[in-house]
Amino acid sequence: MREFDVVVIGGGLLGCFAARNLCRRKLHIALIEAREDVCTGVSRANTAIVYPGYDHKPGSLKAEMTVRANTRFAELCTELDVPFSRCGSLMLSCGERADAVLREKYRNGLSMAVPGLRLLSGEEARELEPSLAPGVRSALYAPTAGTVNPWELGIAASENAAANGADLFLNTRVLGVRKTAEGYRIETDREVFACRAVLNCAGLYADKVQETLFPSEVHIVPDGADYLILDRVTDNRPAHIIQYEPEDGGKGFNAVPTVEGSLLLGPSERAGEVDFAVSEQGLAFVRERAEFVLPGLDLGGTIRSFAAVRPNPRREDGSSIGSFVIEHPAPGFWSMIGIKTPGLTCADELGRFAAEQAAAFLNAGPDESFDPRRRGIRKARGMSWEQRAAVIRSDPDYGEVVCCCEDITKAEVLEAVRRGAVTLDGIKRRTGACMGRCQGSRCQQKLLALLARELGIPESAVTKDGAGSEVLGGRPHED
Amino acid sequence: MKTELLIVGAGAAGIAAALAAWEAGCRDILLVDRRERPGGILPQCLHEGFGLAAYGAELTGPAYADRITERLAQTGVRLALGTEVLAVRGDKTAVLSGRGGLSEWRFERLILASGCRERSIGSLPVAGTRPAGIFTAGQAQEMMNLRGQDVGREVLILGSGDLGLIMARQLVLAGKHVIAVIEQGPRCGGMARNYRRCIEPYQIPLRCRTTVSALHGERRLRGVTLRNLDSGAEELLPCDTLVTALGLIPERELVRGLGDPDWLSYVGNCHRVHDLADSAAAEAEAIGTRVGGELAV
């Protein structure tokens, strides 16, 4: 049995940031993740927006956290060495109803002191973003909105937590939590953990984990959403995040110029699908919205579509819950159940909030040795030619471009493996390799060979994203 | 560093252009390729059918690559393999990266022979999961023929272009079950010669007016939904591997945004997609002769 002060269940964005923030205190911390890598569930797919904070009821936890998180976001990304683009956002209206929605959000934003908000006419909006549809009649401009790569952020937090002493247990699935005299006993499929406090950040399964010990008043009803990604060279790519508030009150739409340079379009919305499966209707919806809002966009530049799963919190009676839910069913036990938008924006704030609760409960003093800084993998792309020449001189692997679409070198891939990538998706999430216009058709086979060699496993054992997703040899024998 | 003629891509077209430019009198040629061996995709094309026009023989891709590489070795063309061209700039300079370092080159003329990339399934509105086991045809070809990597057992091929047909045969010969070749159009997309050689003898079903509308399998591909494009009828087809031959896109990203400068020429598949290496080479030869002649003066 392993003993810790606090066990964090779930290595998604929230779990990684909870662990990171627990490290600010003198605590012995474990982070337990069922999969082979962090950020493989809900965190692996979302809209990647860092919200300005005008979307929520003034004074609510969500509103306050979002505004605070946004204010701190650049600093957070500097600490964790993660690219952050504060590109600003334009929320668009094409009619009276949406005009009113924008005015309300503007007022919300003002009362929450969201900086720089402006209500613009359609003409003013088109001056900022010439590719907008002629039907756009007003817009809410938020210069503080931005975008970040969600998994890059989560991985950075997990690395920072580990560097500050948190123990990371991968491939460890929680089977149940028991109460003991000293605290809690967490049974997993590998070993048993004893701890004094538990932070349940199990994402889609947070209600199930809580229910192994306590009843949960909140249940997760997942829904799926579809997204498209356009190549970086797409004509008329907007420079701002574009958010469309449809006149019919239906599902909104986002176009996000990502930090990688691609354009993310979506989401669609649909209920009751939890297998990350893309729906044809969802893709059609996203395309239709994109064509309406940004008519000059060439959707022929689509390089990928994917689905996200979101953990919607619902009460027993089925009604949905708009606020963040942090359940505290017993001393020393907190569950973050159904954290969705703006969970990415608030990941560090939520992690800090939960960590502070646990630290207060355990009466843990600050750990003066905590270092909030983490260095990212040094990327060749974006370096000056002089810098790039210098890094190649010190490490020839920087001279070897492995992924030609995204300009990712062998040195970056090797470093990703050293930092814990054990799958092709793990390399992709840490380096960006395979994310470009050829979607890995020119480099996946090279990465596969590299990964096998570095891990000391046969190529046939290399997976895309964990056991059962072996890339070579066809269907696994046990099927 | 300086070179009169920079050629990007040492495949059939790039080598043909280099040989022709040398013949025409240009004595300062740098031919670069990201791969570790010359020939572009030729070394992975184990089938015959290369060189009929140029050599009067039906050669395999590697044999054809050997012939042109041997000819190249008899010239003074400098060959830089394992070298990525990171940038080409409007002031006639290029930045090259290799394990030996970064280098900047000033050139007089540039011949782009960078070939094609394959359209990936990501560009299609396909529903379902995103599992392992999906490869482009050229990727599967490289994996099998150059890397000894086994792509799968129960294979469906989407797209009946030449690459799809050639890979169908190769997979059958490798002992795989090729369930069918799926074609969105009304008839086979590849050359009749390839249909006769690669599909008919092995009785591989070719299903036209059909597409893959959804992928299934959480981790590894377990099957696809096929849709008839006329009737809309759908059926579930179990398979563990999908090989896509959805078309080739001329690869010109390197010179995007440079407009149409008089120092830049395109040859081979980055100019237009050729059915045969011979025809790509013939086109490249003509342009290599002209450019080389101008530089020789």
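Guide: Start with contact: it means heavy atoms within 4.5 Å. By that rule, and not counting residues up to four places away in sequence, A:Arg178 touches A:Gly183, A:Tyr184, A:Arg185, A:Glu187, A:Thr212 and A:Leu213. This is a predicted model, where local features need pLDDT of at least 70, side-chain atom pairs count only at pLDDT 80 or more, and totals for chains, interfaces and linings use all residues. Residues are numbered from 1 along each chain as its sequence is written, chains are lettered from A and ligands numbered from 1 in the order in which they are written, and side-chain values use heavy atoms, with hydrogens and water left out.

Visitor: Why is A:Arg178 called partly exposed?

Guide: Buried means under 20% relative accessible area, exposed means over 50%, and partly exposed is in between (1.4 Å probe, protein chains only). A:Arg178 has 38%, so it is partly exposed. The residue sits in strand 10 (residues 174-179) of chain A. Strands are DSSP runs of E, at least two residues; helices are runs of H or I, at least four; both are numbered from the N terminus.

Visitor: What makes A:Gln444 count as buried?

Guide: Its relative accessibility is 16%, so A:Gln444 counts as buried. A:Gln444 belongs to helix 12 (residues 444-455) of chain A. Not counting residues up to four places away in sequence, A:Gln444 touches residues of both chains, among them A:Leu424, B:Phe135 and B:Gln139.

Visitor: How do you know that the radius of gyration of chain A agrees with a compact globule?

Guide: The radius is taken over C-alpha atoms, and the globule rule is 2.2 Å times the number of residues to the power 0.38. For 479 residues the rule gives near 23 Å; chain A has 22 Å, so the two agree. Chain A has 12 helices and 22 strands. Of its 479 residues, 62% count as buried.

Visitor: What makes chain B agree with the rule?

Guide: With 297 residues, a compact globule would come near 19 Å; chain B has 21 Å, which agrees. Chain B holds seven helices and 20 strands. Buried residues make up 57% of its 297.

Visitor: What do chain B and chain A bury between them?

Guide: Buried area is the accessible area (1.4 Å probe) that two parts lose on being put together, summed over both. Here that is about 4,100 Å², with 48% of it on carbon and sulfur atoms. B:Arg99, B:Arg130 and B:Arg219 supply 18% of the area that chain B buries against chain A, more than any other three residues. The contact takes 53 residues from chain A and 48 residues from chain B.
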